[in-house]
Amino acid sequence: MHIRPGTKDDAEQIAELHTRSWLTAYAEIMPASYLNASLLDERKAMWRTRLAAETAEPDHARCALVAVEGGAVVGFAYLAVQGDGRVLLDNLHVQPERKQSGIGRRLVCHAFGWAAEWHPGRTVYLEVLRDNAAAIGFYRRLGGQPTREFVERFPAGFELPVVEYAWGPSSSRVIDWPPESVSGDQLG
Ligand SMILES: CC(C)(COP(=O)(O)OP(=O)(O)OC[C@H]1O[C@@H](n2cnc3c(N)ncnc32)[C@H](O)[C@@H]1OP(=O)(O)O)[C@@H](O)C(=O)NCCC(=O)NCCS
């Protein structure tokens, strides 16, 4: 398994994994009617747009990372700098069959590396559904601190409590650094 920057050719596989991960991880959290609707089509459109932009014009304001094994995408993460200067870890998903095998940790490690390279001194944060106990256990294990709690209203019309976890610039983000297979230059 190695981790590399995502390109537009990864859009389909990422969208499929993203959808499957939501169906698995959020089955007991989100309404079934929402999960059974047009998730895959929406994900495909989103990733095609994101990765086409990134491939055409890398600007270091965002970054897709994919974990690849034998040509298959087994995990991914997406980072985007926000208006307040913080770096949002917007999506982090590992193939359901490959959870708890270290892929998530390596993706987060690369994400921290990218943030340190292109946005030094900035906080990295993410938003996780409060009922996603497994992911919260993972973030806590990696030293994330809960910094905010709020209720998110989804466009489909339901609301869910969300917790923000953050890693400040001076917090110990050295969880497995440096990564073995990607340099900052490659991450663009
Ligand atoms: C959350 C997720 C990304 C974690 O990735 P992963 O590859 O399964 O996690 P790793 O194997 O890298 O685990 C790293 C460490 O976290 C710990 N950990 C992982 N899952 C955990 C859990 N459910 N509870 C407590 N600790 C956990 C591991 O034991 C490991 O600790 P160790 O290094 O001391 O052994 C992955 O499980 C996933 O895709 N979940 C579904 C989608 C999701 O919820 N994404 C987050 C959206 S906000």
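The largest nonpolar core has 39 residues, of which Leu65, Phe76, Ala77, Leu79, Leu107 and Ala111 touch the most other members. Such a core is a set of buried Ala, Val, Leu, Ile, Met, Phe, Trp, Tyr and Cys residues joined through C-beta atoms within 7 Å. A residue is buried if 20 or more other C-beta atoms, placed from the backbone, lie within 10 Å of its own. The model is predicted: local features need pLDDT of at least 70, side-chain atom pairs count only at pLDDT 80 or more, and totals for chains, interfaces and linings use all residues. Residues are numbered from 1 along each chain as its sequence is written.

**The core**
- H4 supplies the largest share of this core, 8 residues; helices (H or I, at least four residues) and strands (E, at least two) are DSSP runs, numbered from the N terminus.
- Beyond its neighbours within four places in sequence, alanine 77 is in contact (C-beta atoms, placed from the backbone, within 7 Å) with Leu65, Leu89, Asn91, Leu92, Leu107 and Ala111.

**Helix H1**
- Ala11, Ile14, Ala15, Leu17 and His18 are the buried residues of H1.
- These residues lie on the same side of H1 because they cover an arc of only 165° around the axis, taken from the directions from the helix axis to the C-beta atoms.
- Their cover includes helix H3 (39-56), strand E2 (62-69), strand E3 (72-81) and E4.

**The ligand shell**
- Among the 20 residues around the ligand, Lys99, Gly104, Arg105, Ala134 and Gly137 come nearest; a residue counts as near if its C-beta atom, placed from the backbone, lies within 6 Å.
- H5 gives the largest share of this shell, 5 residues.

Note on methods. A residue is buried if 20 or more other C-beta atoms lie within 10 Å of its own, exposed if 12 or fewer, and partly exposed in between; C-beta atoms are placed from the backbone. Two residues are in contact if their C-beta atoms, placed from the backbone, lie within 7 Å.
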